[in-house]
Amino acid sequence: MRWALAAGISIAIYCGAAFGTLVPLSDSDNVEYLFVWPGGAAVVAIVIVALAAAVLAYALVCLGVRRWAPASLTEARTGRWLAPVSLMGVLTFGILPAVPGVGDRGAPLAYWLYDLRWWWIAIIAGWTLVRADRLFGSPFARRLSAVTTWSPVTRVLLGDAVVFAALVAWAIATTPMIRFSNRTVGDEPKYLRYCEVLYQGRGLDVSNKRLLTDEPLDAPPAVFRNVSLLTSTIGEEARALAIDLRAFASSPSSFRWNRIGEHDGFVTGKRGGVYQLHQPGLSAVLFPGYFLDRYLFGIDPGYQNEFPAELVMTNTMMLLVYGLCGVALFRLLRHALSSNRLAALWAVIGMATMPVTAFAFQFYPELPAALLVIVVSTYLLFHATKSSAVAACAAGAAAASLVWLHPRFLIIAAVFFMTGIAWTRSTARVAYASGFIPVLISVMLFDYRVTGSWLPSALYDAQRSSEITFSTSGLLMNLIGYGFDRKWGLFPHSPLLLAVLPGLLVLFRERSRHALFLTAVGLALAIPAAGHSLSAAGTTPDRLVAAVVPIFIWPVAVLARRFWSSTSIRAGTLLLVILSLDAALAYNFSNGKQFGSLHDASLTGWKPNLAFPIIRGAVWDSSTSNFILFIAVAAIVSAAAIVAWLRAGRAKAGEPSAIRATPVAIGGVLLAAAVWTIVGTWLNRDWINADYLLGSRPARHMAAAALVEIDRCRVCFTSRHRQVDWTWLEPNPARDPAIDLDIDGHDVRVRADFGSKGGVEGFGRMAIAFGDGTAPVRTGVVGSGEVVHHYRQPGHFEIGITLYLRDDVRVERRTIEIAPHD
Amino acid sequence: MTSERRWALAVRVLALLSAVLVAIAGLEARTIRRLRSDVQQLRDERDQQASGVISAWTREPAEELGEAVRSLDRVFAEPGAGVGRPGGLCPDSHLDDQAIVRYIGGEFLPARAAGRTLTQAIERMNAAVKQKK
């Protein structure tokens, strides 16, 4: 019972803070945090409800245990299973930044306790339910583990379905601004343009494309015309090649294969016509969805009258690819981890975290590329040595298809080709090559058709020097930036990836060939990406390397599994997963396809990104503390890798019979996280970032709404003032409120409008005495508000309305007549 | 029924359901295409109607149009029954183009296109101005 009481008190303390309002009031220079408690009556109600809920839960479990598992009744009566709930009170410290004198220096701690509160509550609730389930003899756990009795094929299909459904639901739920949207920015229209010319049967030449406004709604598609165009193109280019070869043979030094020039992302083909620099591979993936939008669902023209205004099905194609990536990753991990359950869990985590989670509704080739990378990697790592010719041929074709998506994937395709040739045998090897080579030749034929060059990078080679495709000058720093940079790096946006290096070393101990393969694939994309840019034209962070990131969840999973018996590793893994999922959630929620770096409307303004260094630019060049921060983070990752390498070499301890949390180990992990948070942030003195903070206008609205609800607030304070009330908040443009009375039968509606100025709403309090003996109604108003009162009797009544403004009190009296009912 | 038979049955039911859904989707697609044709036809008719109206406007003699504009100016300037605005259609020496668009384009020309006489069309326009006063 003591535990139940402790749980009730803990919930009450937490709810007292959580039902209050913490809000950052920022201007151009600094931020002042305000805390407004919910009021005395509300707190009393909260305490009663919290205690009642705890006692009710305790009583229900005790009753249930007495009936179904009487052996555990003594344990149930101690209430120890409610212990996790007792931790909820700690979250109250999340209001620290609002404590007078603390301010933004408390933001890092508040991030952990306040911004992440829903994660902690979910964990506490789940942990408590598991403990209660154990008291009943684990019926729920047994039901879950009954899945292991299913046939292997059924379990795989179940895993596919669970992963697919979870990821699709996650993508739809977390992207309110871009899900199924027709907004296209950056390079997205270029991929859709190919879809449109294919629909019109014009091949890939965009020069004579018709606009949607020039075509009737019921115009038939001409998709099959592309086939005849392809056939004639092959004939034309075969003859052209013969001519080119003769010309090249006669003067090899002066003959120019690539004979086109680029202008603003477009090129004029060697035979005329206009083509785009971007490869059409993604358009082929999008086309089925685009066809439906164009043929059936789109009525009005959208972007520049080129595409339909509704692109729901086109978006659905990306969403399907996102879900399929998860399924493919699950298939890879179940081979790698030998556990369907772990594979499903890590596949969902791998796909729900940054950067790939951001691409479910963006028309970029990264997701299809990720799907191909995962599928081909699975084949090469786990099936190549004993595969059929058909599978080998399909894998080879998939590997080469990467080049259709973007020339950036050329090196990965080369790595896949060499690995496939090395790891397959006899017939499968021939089949792998015969799948790979024709697809690669098809890309080269397209490039030859447009540019005259057979190089698969010919289109990008035609770019002018102002658009650098690859440069070795900033390559090393960009590579480091892809890991550590707070704005564009992988680790700050998905801290779970900090475990990749230690995990790779553990994987190397277990399966060196696999670790080397992963490293080669990672570098095969990271190097060309780093040679191009770090920011990827201001799109989603790490876009250029996103295709290979999902497979690196494997070493992370290997590391966690290898040391799962350690409480520190379990706690650390959980923390990193939460940080990564929270970053993904924050990014997706605020992503409206604007400038791509992380934005959020959080109440603290701190993110783990601020405990990472800035790589490149003025800060990198001049700040010693920033450099120290980089060295420190790199040293921690390296030290973790060395420890993992050394420990992984020892014989593995047996699985613990029952996993128990050691408070000291958990405390150690939390302490390490706190030290990193505070020291990391302190080094660059960036306690908060305006990009992560709730905007000034909504913050002031929130503050006003919370403050005016309480006449004289006893527990309202800010980081600069010990006690404030609603008259403290500025600006408050309320000067001359308008009052409006509306009588409807026996109901009277009193409406007060406190006005607004420059988008800021006036606010104040209002007391209304309705003159019928009932108690006056007192309420706060932000902007405008109304009170409805019902008169029981007809008659004449004098309504007294008192408006409390910041520096004034206005009293108005109105006499009304309530007529008897007909 | 064994677990495997249950799964086999479920798969068959799903396959049948999928086939039915595909057939329904095909029929729906045909219907949508027909509706698109209808929408296109309506759009064509709307465009024809609009161009017909405008072509009727272009047939309006310049003298009559000028008379309508002068009448409008008088109504705007006329105190009492009119708007009583000093300057008429040109208050403060600036042409009130919106008034011309609203009353000439919105009242006078459609009335003429509908076959009303010049006098009737001008009266209708003036009545509209006075009503809005």
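View 1. A:Leu320 lies within helix H11 of chain A, which covers residues 312-337; helices (H or I, at least four residues) and strands (E, at least two) are DSSP runs, numbered from the N terminus. The model is a predicted one, in which local features need pLDDT of at least 70 and side-chain atom pairs count only at pLDDT 80 or more, whereas totals for chains, interfaces and linings use all residues. Residues are numbered from 1 along each chain as its sequence is written, chains are lettered from A and ligands numbered from 1 in the order in which they are written, and side-chain values use heavy atoms, with hydrogens and water left out. With a relative accessible area of 36%, A:Leu320 is partly exposed, where buried means under 20% relative accessible area, exposed over 50%, and partly exposed in between (1.4 Å probe, protein chains only). Although A:Leu167 is 153 residues away from A:Leu320 along the chain, the C-alpha atoms of the two are separated by 9.8 Å.

**View 2. Chain A as a whole, for orientation.** Chain A has 27 helices and 15 strands, and its C-alpha atoms fill a box of roughly 105 × 70 × 60 Å along the principal axes. Of the 822 residues in chain A, 51% are buried. Among the contacts in chain A with a separation of 6 or more, 73% are between residues 24 or more positions apart, a contact being heavy atoms within 4.5 Å.

**View 3. Helix H5 of chain A and the helices packed around its buried residues.** Helix H5 of chain A has 19 residues (117-135), which at 1.5 Å a residue should span 27 Å, and this agrees with the 27 Å between its end C-alpha atoms; the expected span is 1.5 Å times one less than the number of residues. The buried residues in H5(A) are A:Arg117, A:Trp120, A:Ile124, A:Thr128, A:Ala132, A:Asp133 and A:Leu135. These buried residues of H5(A) pack against helices of chain A that include H1 (2-18), H2 (40-68) and H23 (567-590). Just after H5(A), A:Gly137 adopts a positive phi of about 85 degrees.

**View 4. Helix H1 of chain B where it meets chain A.** The 56 residues of helix H1 of chain B (residues 3-58) should span 82 Å at 1.5 Å a residue, and the end C-alpha atoms are 80 Å apart, which agrees. Buried residues of H1(B) are B:Arg33, B:Arg36, B:Gln40 and B:Ala56, and they pack against helix H8 (188-199) and helix H10 (281-297) of chain A as well as helix H3 (97-113) of chain B. Within helix H10 of chain A is A:Tyr295, which counts as partly exposed at 23% relative accessibility. Leaving out residues up to four places away in sequence, A:Tyr295 touches A:Tyr199, A:Pro221, B:Arg33 and B:Arg36. A:Leu5, by contrast, is 290 residues from A:Tyr295 along the chain, and their C-alpha atoms are separated by 64 Å.

**View 5. The disulfide and other cysteines of chain A.** A disulfide, defined as a pair of cysteine sulfur atoms within 2.5 Å, joins A:Cys713 to A:Cys716 with an S to S distance of 1.7 Å, and by this rule there is one disulfide over all chains. The link of A:Cys713 and A:Cys716 is right-handed, with 75 degrees about the S-S bond. A:Cys713 counts as buried at 3% relative accessibility, and A:Cys716 is likewise buried at 0%. A:Cys325 is also buried, with 0% relative accessibility, but its sulfur is 18 Å from the closest cysteine sulfur, in A:Cys195, and therefore too far for a bond. A:Cys393 is partly exposed, with a relative accessible area of 30%.

**View 6. The two cavities and their linings.** The structure holds two cavities of 30 Å³ or more, a cavity being a set of points, on a 1 Å grid over the protein atoms alone, where a 1.4 Å probe fits but cannot get out, with lining residues having an atom within 4 Å of a point. The largest cavity has a volume of about 40 Å³, the volume being the space filled by probe spheres set on grid points joined across faces, edges and corners. Its lining includes A:Tyr587, A:Asn591, A:Phe595 and A:His599. The second largest cavity, with a volume of about 40 Å³, is lined by residues including A:Gly350, A:Met354, A:Leu497 and A:Ile553.

Notes: 1 Å grid on protein atoms, 1.4 Å probe; cavity = no way out; pocket = protein on both sides within 12 Å on 5 of 7 lines; lining within 4 Å.
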